[in-house]
Amino acid sequence: MNATLNSDMKLFLLVFSLGLSFLLSAQNRELNNLAIAEDSVFGISSSLDELIHIIESTQTFISTNQEQVELLAIVDSSQYPVKVIDGNWPENVISSINILKNISGKVKYYAEYPTSESGDWFIGYRYYFNESNGNTIAFERMANFFNSECTEGVSKELSTYFFTSEGDLIAKAYSLTSSENSDLTDRLCFFPYDYQYEIIKNIKQIMK
C-alpha cells in the first residue's frame, strides 16, 4: 500500500512554508508524543521539496522492486525479528517490517506494520533516513480504519513529519480522506484506533 503526498498537499506545504514563521494549526488534535497539532509548518525551508521527492521516489521504487525489500516479522515467541524467506511468514506475527538499504548497505527506509487481529484497522509507521548520519528525515504514520462515524467504509489518515538532516522538525502534513478520497478533515469523526506513537530520531535506535 502506497501513501504518498499528492500535488495538492505538496502545494499546501510549500505555500505555507514560504509565508509563515509560526505554528499553524488546522486541528486541535494532538495524537503523538511530540504534541504537535495535525497540520503545522515551521518557518522557511528550502529542503522541504527535496524531502517530499524522497518519500515519493522511495515508494515508487518499492512498488516496482519488491524483491529488494528485506522482510522481517516480529512474533510473540521471539525477542528479535525473524527474516521472512521466499514469502514464508511465521505464525503469530505481531508486526511485519520492511527494510530498504542503499548500495553501501545502509538502511535508508524502515517501515513497521502492526497486525490487526480484528481487521478493523491498518496502521503503518514509515521512516526515511539520512544516508550519511542515519537521522530520520521523514516519518509517516498511516491509519486506515472502520468505525469513524463520519463516512461509510474506510477512513484513511496520514500524518507526515519532515526533518532536517540534523533532526530539527520542518513541517507536519495531515490528511483524512474516505475510501473514495473525499476530504473528511472538516467532519466530526471518531478515531477508535489512535494509539499513541513515538518518532525514533535515528536508525541506530531501531536497529539495536
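**Strands, charges and core**

Colleague: In the hairpin of E6 and E7, which residue takes a positive phi near 80°?

Modeller: The labels refer to strands (E, at least two residues), which, like helices (H or I, at least four), are DSSP runs numbered from the N terminus. The hairpin of E6 and E7 has six residues between its strands. In this predicted model, the residue of that hairpin with a positive phi near 80° is Gly134.

Colleague: What is the mean pLDDT of the chain?

Modeller: This is a predicted model in which local features need pLDDT of at least 70 and side-chain atom pairs count only at pLDDT 80 or more, while totals for chains, interfaces and linings use all residues. Residues are numbered from 1 along each chain as its sequence is written, and side-chain values use heavy atoms, with hydrogens and water left out. The pLDDT is the predictor's confidence in each residue, from 0 to 100; 77% of the residues reach 70 or more, and the mean for the chain is 81.

Colleague: Over which residues is the pLDDT below 50, in a stretch that has 60 contacts beyond near neighbours in sequence?

Modeller: The pLDDT stays under 50 over residues 1-5, for which the model has 19 contacts beyond four places in sequence, a contact being heavy atoms within 4.5 Å. Where pLDDT is low, the predicted coordinates should not be read in detail. The stretch with 60 such contacts, also with pLDDT below 50, is residues 10-35.

Colleague: How many of the nine residues of strand E6 are buried?

Modeller: Buried means under 20% relative accessible area, exposed means over 50%, and partly exposed lies in between (1.4 Å probe, protein chains only). Strand E6, residues 121-129, is largely enclosed by the rest of the structure, because its buried residues number eight.

Colleague: At what distance does a polar contact join the side chains of Glu112 and Tyr110?

Modeller: Glu112 lies in strand E5 and, at 22% relative accessibility, counts as partly exposed. Beyond neighbours within four places in sequence, its contacts include Ile74, Ser95 and Ile123. A polar contact is a pair of N or O atoms within 3.5 Å, where within protein one must be able to donate a hydrogen and the other to accept it, and residues adjacent in sequence count only if both atoms are side-chain atoms. For the side chains of Glu112 and Tyr110, the distance is 3.0 Å.

Colleague: Which residue is linked with Arg141 and Glu157 in a network of salt bridges?

Modeller: The side chains of Glu157 and Arg141 meet at 2.9 Å, N to O. Glu157 lies in strand E8 (residues 155-163) and Arg141 in strand E7, so the pair ties together parts that are 16 residues apart in sequence. Both residues are buried, and the network that links them also includes Asp194.

Colleague: Which strand gives the largest share of the core, five residues?

Modeller: A nonpolar core is a set of buried Ala, Val, Leu, Ile, Met, Phe, Trp, Tyr and Cys residues joined through side-chain atoms within 4.5 Å. The largest one has 26 residues, and those with the most contacts inside it are Tyr110, Tyr127, Phe139 and Ile199. Strand E4 (93-101), E5, E6, E7, E8 and E9 each supply at least two residues of this core, and the largest share, five residues, comes from E6.

Methods
Pairing = 2+ DSSP bridges. Salt bridge = Lys/Arg side-chain N within 4 Å of Asp/Glu carboxyl O.
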